[in-house]
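Trainee: I would like to go through this model and ask what stands behind each label. Please give the cut-offs as we go.

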Amino acid sequence: MLMDRRELAGFLRRSRERLRPHEAGLPAGPRRRTPGLRRAEVAQLAGMSAEHYLRLEQARGPQPSPRVLASLARALRMTGDERDRLYLLAGHHPPAGPQAADHVSPGLQHLLDRLTDTPGRVLGELGDVLAQNAMAGTLLGEVCAASELGRNLVWRWFADPDARRVHAREEHELYSRLHVAELRAAVARRPADDPAAVRLVRRLCTTSEEFARLWERPPEAEVRRPGRVRVLHPLIGPVVLDREILLAPEAGQRLVVLTPPPGSDAAGRLALLRTIGRERPPWPSPAHPH
């Protein structure tokens, strides 16, 4: 298939201009000269460089990969039909089967966009962060959305030591077991030769001795993820939050929301983080894994 650079550029520009900042979970900010999102904002939401996105809108960029297209579709809140058109204009077949579920369901995206003061993430079946709001990025760290592994929580937990800094050291063993148990359950729901699942497990076994050891163990009868989590944050210190989950089984996705427990000081801490986190990004940018 051939890439239509001019049509792709126009489609991206129109998609960007129709989207209002609040619809993408962004503050409106000062008066804007043009409607819609700025190019830099789309690039930020998609986890790509502003220069890369600018070249696409100027019809002079290289052919984007399916992974980059998936990130752009999420950033621009595209429907399934719009996502398919994006792929076709870029010279790729639209995703089908399990890969199509990487596109956040409209219902979950609608809910996530309205969580302005509460951290929220949409997770895929294999642990990929498909979308997150600004509060989740400030509290838990950004993810490399344009990278296959950079957005996967299981990969980052076992391959990137910095990913564990949000939890106390004494909790690391529990979260390691939880990640393995949840990934094992997700893999079991997929065909035995599912490419994404096979590739992820193989790379984890090769990269992490801890993961390989846990993966080779017999499945545990029951590993419960705690409903209340403690996050260690460099700006506001430890904060305890309740973990709520909304499932979208038909898409293999779940919306995870962290809410302040009633009567705690967590709501005030999140409000403080929302204010100071804009000026003092607490976490370094995630590395782009190879």
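Trainee: Where is R77 found?

Mentor: R77 is found in the loop between α4 and α5 (80–89). Helices are DSSP runs of H or I with at least four residues, strands are runs of E with at least two, and numbering starts from the N terminus. This is a predicted model, in which local features need pLDDT of at least 70, side-chain atom pairs count only at pLDDT 80 or more, and totals for chains, interfaces and linings use all residues. Residues are numbered from 1 along each chain as its sequence is written, and side-chain values use heavy atoms, with hydrogens and water left out.

Trainee: Why does R77 count as buried?

Mentor: Buried means under 20% relative accessible area, exposed means over 50%, and partly exposed lies in between, with a 1.4 Å probe and protein chains only. R77 has 19% relative accessibility, so it counts as buried. Its phi is near 55 degrees, a positive value in a residue other than glycine.

Trainee: What makes A59 partly exposed?

Mentor: The relative accessibility of A59 is 28%, and therefore A59 counts as partly exposed. A59 sits in the loop between α3 (50–57) and α4 (66–75). A59 also has a positive phi, about 60 degrees, although it is not a glycine.

Trainee: Why is A267 partly exposed?

Mentor: A267 is at 44% relative accessibility, so it counts as partly exposed. It belongs to helix α12 (residues 266–276). The C-alpha atoms of A267 and D117 are 9.0 Å apart, while the two residues are separated by 150 residues along the chain.

Trainee: What share of the protein chain is buried?

Mentor: Of its 290 residues, 47% are buried. The chain holds 12 helices and 5 strands.

Trainee: How do you know that β1 pairs with β5?

Mentor: Two strands pair if DSSP finds at least two bridges between them. β1 and β5 have 4 bridges and run antiparallel. L123 stands opposite R254 in β5. β1 also pairs with strand β2 (residues 129–132) in the antiparallel sense, over 3 bridges, and V129 is the bridge partner of L123 in β2.

Trainee: Which residue takes a positive phi in the hairpin of β1 and β2?

Mentor: G127, with phi near 95 degrees; the hairpin has 5 residues between the strands. In β1 itself, G120 and V122 point one way and R121 and L123 the other way, and all are buried.

Trainee: What makes β3 and β4 a pair?

Mentor: They share 6 bridges in the antiparallel sense, with β3 at residues 228–233 and β4 at residues 237–248. V231 stands opposite V239 in β4, and the bridge partner of R228 in β4 is D242. A hairpin through 3 residues joins β3 to β4. The covered face of β3 has V229, V231 and H233, and the uncovered one has R228, R230 and L232. On to β5: 7 bridges join β4 to β5 in an antiparallel run, and A248 stands opposite Q253 in β5.

Trainee: What does L153 touch, leaving out residues up to four places away in sequence?

Mentor: Contact means heavy atoms within 4.5 Å. On that basis, L153 touches R121, L123, G127, V129 and H179. L153 is in helix α8.

Trainee: Which residues lie nearest the centre of the second largest pocket?

Mentor: L123, L153, H179, R225 and R243, out of 37 lining residues. The elements that give two or more residues to this lining are β1 (120–123), α7 (134–140), α8 (153–159), α9 (172–188), β3, β4 and β5 (253–259). α9 supplies the largest share, 5 residues.

Trainee: What makes a space a pocket rather than a cavity?

Mentor: Both are found on a 1 Å grid over the protein atoms alone: a cavity is a set of points where a 1.4 Å probe fits but cannot get out, whereas a pocket is an open set with protein on both sides within 12 Å along at least five of seven lines. Lining residues have an atom within 4 Å of a point.

Trainee: How are the residues of that lining divided?

Mentor: Into 20 nonpolar, 7 polar and 10 charged. Ala, Val, Leu, Ile, Met, Phe, Trp, Tyr, Cys and Pro count as nonpolar, Asp, Glu, Lys and Arg as charged, and the others, Gly among them, as polar.
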